[in-house]
Amino acid sequence: RDFTINAMAYDPSTGEIIDRFDGRSDLAKKLIKAVGDPDLRFKEDALRIIRGIRFAARFGFNIDPATLQSMAANAQLLENISKERIYAEFKKIALSPVPSLGMNLLLYTGALRVIMPELLPMAGFNQFSTYHDKDVWFHTMQVMDHIRSYLPLRLAALFHDTGKPFTHTMD
């Protein structure tokens, strides 16, 4: 298995929960942690990087520092994953209760650079407007967080200002 919180098993004959990787404890701590060496887990299947981020976004969990560091170190491996598999996980992040949690983790780990590099210029881009006190990325994350969890609306929120960094001019 990939993460300790989903590496538990149930033995119906004894009613026992088998938890060899201390997943119960991580579940109680709301912590996403790779089973064993995180580098090995992500090299086995790089989609686990986005999957772990999706779990964090969906459940409001934190990611173990070593696991998070490994996600960032191995993000480029996502280039070898099919777009369909990535999109299936990305949709779940976009539809999570607070999508900005997952989107910020995608940005922080460098996974966004691989799966949607077009969004990167939004981060840190000053809108140069008295009507906007946040950069384009932060503003967009707030919009995503406050719109109904319906994929077309969440995607519209995500993409509504992507052109600003590319078309901005100063008079």
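This is a predicted model: local features need pLDDT of at least 70, side-chain atom pairs count only at pLDDT 80 or more; totals for chains, interfaces and linings use all residues.
View 1. In one of them, the ring centres of Phe-3 and Phe-42 lie 6.4 Å apart and the ring planes meet at 50 degrees, so the pair is tilted. This pair joins distant parts of the chain, since Phe-3 belongs to the segment before β1 (9-11) while Phe-42 sits in helix α2 (residues 38-44), and 39 residues separate the two. Phe-3 is buried, and Phe-42 is buried as well.

**View 2. The pair formed by Phe-55 and Phe-59.** Phe-55 and Phe-59 make up a tilted aromatic pair, with 6.4 Å from centre to centre and 40 degrees between the planes. Both residues are in helix α3 (residues 47-59), where they are four residues apart, about one turn of the helix. An α-helix has 3.6 residues a turn, so residues three or four places apart point the same way. Phe-55 has a relative accessible area of 8%, which is under 20%, and therefore counts as buried. Phe-59, in contrast, has a relative accessibility of 40%, a value between 20% and 50%, and therefore counts as partly exposed. Ring pairs also connect Phe-3, Phe-42, Phe-55, Phe-59 and Phe-61, and together these residues form a cluster.

**View 3. Helix α5 against helix α9.** Helix α5 (residues 83-94) packs with helix α9 (residues 151-159) at an angle of about 85 degrees, and their axes are 10 Å apart. Sorted by class, the residues of the contact of α5 with α9 are six nonpolar and two charged, with no polar residues.

**View 4. Helix α5 against helix α6.** The angle between α5 and helix α6 (residues 99-109) is about 135 degrees, and the axes of these packed helices lie 7 Å apart. The two helices, α5 and α6, are therefore oblique to each other. From α5, the residues in the contact are Phe-90, Ile-93 and Ala-94, while α6 brings Pro-99, Gly-102, Met-103 and Leu-106. The contact of α5 with α6 has six nonpolar residues and one polar residue, but no charged ones. Within α6, the buried residues include Pro-99, Gly-102, Met-103 and Leu-106. After α6 comes Gly-110, which has a positive phi, near 90 degrees.

**View 5. The largest nonpolar core.** In soluble globular proteins, nonpolar side chains tend to be buried together. Here the largest nonpolar core has 40 residues, and Phe-90, Met-103, Leu-106, Leu-112 and Ile-115 are those with the most contacts inside it. At least two residues of this core come from each of α3, α4 (65-74), α5, α6, α7 (111-115), α8 (136-145) and α9. Helix α3 gives the most to this core, namely six residues. Once its neighbours within four places in sequence are left aside, Ile-115 is in contact with Ile-50, Leu-78, Ile-86, Phe-90 and Leu-106.

View 6. Thr-67 is located in helix α4, and its relative accessibility of 1% places it among the buried residues. Not counting residues up to four places away in sequence, Thr-67 touches Phe-3, Ile-32, Lys-33, Ala-34, Pro-38 and Phe-42. Thr-67 and Met-103 are 36 residues apart along the chain, and their C-alpha atoms are separated by 17 Å. Thr-140 lies in helix α8 and, with a relative accessibility of 0%, also counts as buried. Apart from its neighbours within four places in sequence, Thr-140 is in contact with Met-122, Ala-157, Leu-158, His-160 and Asp-161.

**View 7. The protein chain as a setting for the close-ups.** The protein chain contains ten helices and four strands, which follow one another from the N terminus in the order β-β-α-β-α-α-β-α-α-α-α-α-α-α. Its C-alpha atoms fill a box of roughly 70 × 30 × 25 Å along the principal axes. Of the 171 residues in the protein chain, 43% are buried. Among contacts between residues at least 6 apart in sequence, 65% join residues at least 24 apart.

Key
Residues are numbered from 1 along each chain as its sequence is written. Side-chain values use heavy atoms; hydrogens and water are left out. Rings of Phe, Tyr and Trp (its six-membered ring) pair if their centres lie within 6.5 Å; planes under 30 degrees apart count as stacked, over 60 as edge-to-face and the rest as tilted. Buried means under 20% relative accessible area, exposed over 50%, partly exposed in between (1.4 Å probe, protein chains only). Axes are lines fitted to C-alpha atoms, for helices over the stretch in contact, and angles run from 0 to 180 degrees between N-to-C directions. Ala, Val, Leu, Ile, Met, Phe, Trp, Tyr, Cys and Pro count as nonpolar, Asp, Glu, Lys and Arg as charged, and the others, Gly among them, as polar. Angles under 35 degrees count as roughly parallel, over 145 as roughly antiparallel, 65 to 115 as roughly perpendicular and the rest as oblique. Contact means heavy atoms within 4.5 Å. A nonpolar core is a set of buried Ala, Val, Leu, Ile, Met, Phe, Trp, Tyr and Cys residues joined through side-chain atoms within 4.5 Å.
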